[in-house]
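Here are a few notes to read with the structure open beside you. Take the points one at a time and find each spot as you go.

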Amino acid sequence: MTTFLNDVIADLKKKDLDFSKLSFILPSKRAGVFLRYFLSQQLKKSIFAPKILSIEEFIESLSDLNYATSTELLFFFYEVYEKNTPKDLVEPFDTFSKWAQILIQDFNEMDRYLVDSNHVFDYLNAIKKIEHHHWSLEDNQTDYIKRYLSFWDRLKSYYAELQKVLIKNKKGYQGLVYREALENIEQYISLKSEEQLVFVGFNALNNAEEIIVQELLQQNMASIYWDIDQKFVGDPIHDAGLFVRSHRSNWKYFNNAPFNWLTNHYSQVKDIKCVGASKNIGQVKYIGELLLELQEKNPTLENTAVILGDESLLLPLLNSLPKSIGAVNITMGLPLSKIPMASFFESLFKLHKAKPNSKSLYHKDIVSILSNQFVKPLFNEGNNNVSDHIINTIRQNNILYASLERLKTIAGNKADIVTLLFESWENKPGYALEQCSKLIFLIKASFDNDKHQHKLALEYLYRFNVIFNELSKLTERFGYINSITTLHGLYRELIKSETLDFKGEPLKGLQIMGMLESRVLDFETIIISSVNEGILPSGKQNSSFIPFDVKIENKMPTYKEKDAVYTYHFYRLLQRAKTIHLIYNTEPDVLNGGEKSRFITQLDIDSTHNIDHYLLSPKIAHQDNNLLEVIKTKDIMTKLYQLAGKGLSPSSLTNYIRNPIAFYNEKILGIRAYEEVEENVAYNTLGTIIHNSLEDLYKPMEGLKLSVEAIKLMLSKAEKIVLQHFEAEYKEGDITKGKNLIIFEIAKHYISQFLKFELLALQKGHQIEILAIETNNAVSVSFDGIDVPVLLKGKVDRMDRFDGVTRIIDYKTGKVEQKHVQVSNWEELNTDYEKYSKSFQLLMYTYMMYKEGKVNLPVEAGIFSFKNLNAGIIKFATKQNTKVYKITEDTLKSFEAELKNLILEIYNPNLPFVEKEQKYES
């Protein structure tokens, strides 16, 4: 294919110019790389390479100023702001920075377009006074009104003084550099009259650029090549040709000079596919599949480019690229805010910003920092990692807040690193930056042993070191950063604008770039993502102090001109391409773009090309619900026999009924639930506290009959005992406020209500004798078909005698109803967990106690549900025609038969553990 840059070189060759003496001015640096390559391909002799500059570099060379960074501009502006604002109206730096960047951008636009600033500021001031006429006439103006009206009065002085300060320091924002360059253009022309400049591929030039370029053209020091199609220039309403039409008609130079060039590439046959994909992830996944298809025809994907309308899709796209793709060149930077190290420093700032002088550190902040991938290597000690030990200690002891001294004690030999991470920054930005730099060098040292493996991490460290060095210099020079909050805000702004640039062979393989990076470049196959309104084009985004009508009045650019810029870039990409894939998000999103772009509709209406439209739908393959199966190997059977000796509890057997794989994970593999710090008392912890409290209250009454006096004594002790168990179970957790205090009160209420329930029974004349509290039971049973006896074990919460009837009682903090403790079909006992698990537990407790000779049949068994207090003891029952609450020998024989079937199933080596579909909570 013929590219625009190749055409320019060919035309210059025809003019027999000495390329060594030419200076090429391009819209971007990236275009310069391709230009240099095309020059090497077309020129058959060795020459000194011509100068190749971006327009910003060229303008800077005309000016006596250097471009200031956005952070430098903020600090210079704040210096001006302080001097030109009454002391009682001066805002702190962090508040100022939020609006100052917008104002600097307005100053920049005014200078780039050579607007009379005094006229704009006077116009603005007059508008504000008219809008708020009743404010300005009020006798007793509030501070807010005074601040608001005086702000618009001072804009003119801010602008003038900022320019003076910047020029004094040889710095400037883009617009100021352009103004200065314009001032120096005559001097440049007189000194560089032999210079030959070639302006290549421009479109939207601001007023300063227009005057500079025209002046150089008039002096025969320059030539200019436009990359535009006749289709767009000839159509008076097509935005792609808006600026070039204006330049062509308004520049006097073109009255006598030819216009280079108007081409007819756009009308040539093109294969255009417009594809709607669901969400951003749908777009990048489709691009990955599309590249695989393209690779079949073009294995190296030369002359293929992916243009990201939304540049935040870079990382998802990289993760979606097929492994078969070789060379990939990324012509865009990855924002530092998106890389993993940013999360570490964000966590660090969050911890030290929350309570700058606090001596207690929140457990989540500690764990977040200690578990970071860049911090963990600092805590390696032999084969162990001290950070894991600290995290485990925090979780095991339920430490919500820890002091630095406590952490240092736990860390042992790594106390110095804990100090570096967690010692208070005391709200001193200078000290904070010093600590961050120390951390960077410490992490670097930990990676030095294997630099190849940590190559990317070391690059991260370098970029963050540059950031913190810049912040340190600015803090020392200006002294406006006086709090960690301000420093954090500035740091966030910096990492948004700073990027980690990729390095590679820029001319080989697949090209990935943003829309602006594609300027002047041409590709045979292009894939453009996010072709949605609000992205391409960006639409009505107006972050400015200058209203729309004032901009129109002063011929400053508005969102309309910005849309025209993107229209040009979009259609210019299509001009020479042969295969085009336009991908848009079918799910409108206010934050990430709306419906498909107007560009797609324009292509349809234009009817120059046939466009195929597609809507993607995900492939939904039919999937059989293949439940997990685990074959019982010799090793598994050995574990099961060991388990038979240790004992099976009712809960472990009901866990098997619920899901055999859960039983396998817990009992064979030893996988336990992940433990974390309980900020609020967990439900199982509450259950443990209630059980233990009732045990302490009732244990002294074993073998005795309950009396009214005994219950009243228990009521008086209840609160103290509950508190003791809260402290024992919840360890260092705080129960003095919030949800924990409510849960503590609930626990007291449950215990109190239970005791009152007992008291009421006694007062009605019932006899209650406590036979056993928290009884450990263990009984060995043998079944035909199992090589070893199986130990059954379990702890019964309470056994008593109520009016002569022996009862076995289990406490439950959850809600239990009568339907949960009755059996109507014995065959379902081992299969229906939801319906029969609680009945199974009660029957197994009774079975074990009967086998051990601790009870004589018949007995009753029941559950006391603390969430169903009014029901009292909910008794187990068998139900055929009528309910029978007594557990007899026949009842236990029926249970024993089902128990035997269950255990035989567990220990049958030919029956695998088969996962059950879960229909209920575990």
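Predicted model: local features only at pLDDT ≥ 70, side-chain atom pairs only at ≥ 80, totals over all residues.

1. A search of the whole structure turns up one cavity of 30 Å³ or more. If you wonder how such a space is found, rolling a probe the size of a water molecule over the atoms shows where empty space is left.

2. Which residues line the largest cavity? They are L103, D106, F107, M110, F121, L124, L155, F545 and I546. By class, that lining has eight nonpolar residues, no polar ones and one charged one. The largest share, four residues, comes from α5. Helices α5 (93-112) and α6 (117-131) each supply at least two residues of the lining.

3. Next, have a look at two helices that pack together, α18 (residues 386-396) and α19 (residues 404-411). Their axes lie 9 Å apart, at an angle of about 125 degrees. The crossing of α18 past α19 is right-handed. On the α18 side the contact uses V386, H389, I390, T393 and I394, while α19 brings L407, I410 and A411. Sorted by class, this contact has six nonpolar residues, two polar and no charged.

4. Now compare another pair, α28 (residues 650-658) and α29 (residues 660-668). Here the axes come within 5 Å and cross at roughly 135 degrees, which means α28 is oblique to α29. S652, N655, Y656 and R658 of α28 meet P660, A662, F663, E666 and K667 of α29. What classes of residue make up the contact of α28 with α29? There are four nonpolar, two polar and three charged residues.

5. Time for some backbone details. Most residues other than glycine have a negative phi, and most peptide bonds are trans. Against that background, check the bond from L536 to P537: it is cis, with omega near -5 degrees. You'll find P537 in the loop between β19 (525-529) and α24 (548-553).

6. The peptide bond from L857 to P858 is also cis, with omega near 0 degrees. P858 sits in the loop between α33 (833-851) and β27 (860-865).

7. Last one: where is L301? Look in the loop between α14 (279-297) and β10 (304-308). L301 isn't a glycine, yet its phi is positive, at about 55 degrees.

Terms used. Residues numbered from 1 in each chain as written. Heavy atoms only, no water. 1 Å grid on protein atoms, 1.4 Å probe; cavity = no way out; pocket = protein on both sides within 12 Å on 5 of 7 lines; lining within 4 Å. Points joined across faces, edges and corners; volume = space filled by probe spheres on them. Nonpolar A, V, L, I, M, F, W, Y, C, P; charged D, E, K, R; others polar. Axes fitted to C-alpha atoms, helices over the stretch in contact; angles between N-to-C directions. Left-handed = near helix turned anticlockwise from the far one by under 90°. Contact = heavy atoms within 4.5 Å. Parallel < 35°, antiparallel > 145°, perpendicular 65-115°, else oblique.
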